[in-house]
Amino acid sequence: MSTVALIDDHESVRLGLEAACARDGQTIVFSGSTVVSYLDWRAASGAAPAEVVVLDLTLGDGTTVTENVTSLVTDGASVVIHSVADRPAAVREALAAGAAGVVSKSSALDDVLDAIRTVAHGEALNNVEWASAVDGDRDFADAQLSTREREVLRLYAAGLPLKAVAERLGVAYSTAKENITRIRVKYVEVGRPAPTKVDLLRRAMEDGIVEPDGASSGR
């Protein structure tokens with residue numbers, strides 16, 4: 001099972017998640033109210049980063065969503081936002097900073113545990129809250145992908161190996177690889193980096209190239 005850190009400034013929420021994770025066999029390595037306290041614990045203990053950090057969207061210490069998510073992702077953790085999913089701009093900000101997904105505090109504990117397991121396995125968290133936040137606030141910087149680049153991204157993000165993408169489109173493998181490289185560069189240029197395949201899936205979903213349920217879009 002995975003190692004999990006819980007960061008929420010409501011102790012009752014943390015205690016509930018701690019109990020649920022323990023029953024599920026997850027190892028809680030840290031539980032606290034700020035990202036700074038988690039990073040301080042990491043530095044003092046020399047412990048490895050938690051595989052998954054369950055993070056409240058807004059903490060009471062004055063930090064921003066981008067600061068918190070960026071700090072955790074840079075430190076080596078995958079981040080699941082656990083919050084009320086009715087603030088699409090803040091949720092979008094968290095996703096843009098590198099969060100793996102969002103699960104609502106109104107969700108059943110089993111759904112939260114499913115989200116932790118999914119992200120711990122390196123998979124994209126494609127849930128209703130995620131899609132609603134994206135659809136509710138479309139103010140993403142457009143990466144200006146060409147028609148061919150969108151097609152390559154659609155197939156690649158949907159799960160096809162790059163070689164299969166090339167074969168499907170009738171192009172050389174090197175051409176498909178070059179397209180993926182250009183796509184990543186374009187996303188970096190608009191402040192939406194996508195260094196991994198999971199990140200590319202997230203960007204494709206954000207831009208309506210791949211639907212939240214994994215089906216491709218004709219847009």
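**Exercise 1. State the volume of the largest pocket and describe its lining.**

*Solution.* The largest pocket of this predicted model has a volume of about 310 Å³.

Step 1. Begin with the residues around the pocket. Its lining comprises 19 residues, and those nearest the centre are V73, G98, T196, D199 and R202.

Step 2. Assign the lining to secondary structure. Two elements, β4 (78-83) and α10 (197-206), each contribute at least two residues. The most is given by α10, with four residues.

Step 3. Sort the lining by class. Eleven residues are nonpolar, four are polar and four are charged.

**Exercise 2. Locate D56, decide whether D56 is buried or exposed, and list its contacts.**

*Solution.* Step 1. Consult the record. An unreviewed UniProt entry lists D56 under "modified residue: 4-aspartylphosphate".

Step 1. D56 is found in the loop between β3 and α3.

Step 2. Apply the cut-off for burial. The relative accessibility of D56 is 5%, and buried means under 20%; D56 therefore counts as buried.

Step 3. List the contacts, leaving out residues up to four places away in sequence. D56 touches I7, D8, D9, H10, H82, S83 and K105.

**Exercise 3. Carry out the analysis for D8: its place, its burial and its contacts.**

*Solution.* Step 1. D8 sits in the loop that runs between β1 (3-7) and α1 (11-23).

Step 1. With a relative accessibility of 4%, D8 counts as buried, because the limit for that class is under 20%.

Step 2. When neighbours within four places in sequence are set aside, D8 contacts V13, R14, G32, S33, D56, L59 and K105.

**Exercise 4. Describe the largest nonpolar core and the surroundings of L55.**

*Solution.* Step 1. The largest nonpolar core contains 23 residues, and I7, Y38, V53, L55, V69, L72 and I81 have the most contacts inside it.

Step 1. Two or more residues of this core come from each of β1, α2 (35-45), β3 (52-55), α3 (65-75), β4 and α4 (88-96). The most is given by α4, with four residues.

Step 2. Take L55 as the example. Not counting residues up to four places away in sequence, L55 touches I7, V35, N68, V69, L72, V79, V80, I81 and H82.

Step 3. Another core lies apart from this one; it has 21 residues, including L155, I183, L201 and M205.

Terms used. Residues numbered from 1 in each chain as written. Predicted model: local features only at pLDDT ≥ 70, side-chain atom pairs only at ≥ 80, totals over all residues. Heavy atoms only, no water. Buried < 20%, exposed > 50% of the residue type's maximum accessible area, 1.4 Å probe, protein only. Contact = heavy atoms within 4.5 Å. 1 Å grid on protein atoms, 1.4 Å probe; cavity = no way out; pocket = protein on both sides within 12 Å on 5 of 7 lines; lining within 4 Å. Points joined across faces, edges and corners; volume = space filled by probe spheres on them. Nonpolar A, V, L, I, M, F, W, Y, C, P; charged D, E, K, R; others polar. Core = buried A, V, L, I, M, F, W, Y, C linked by side-chain atoms within 4.5 Å. UniProt positions renumbered as here; feature names shortened; annotations may be inferred.
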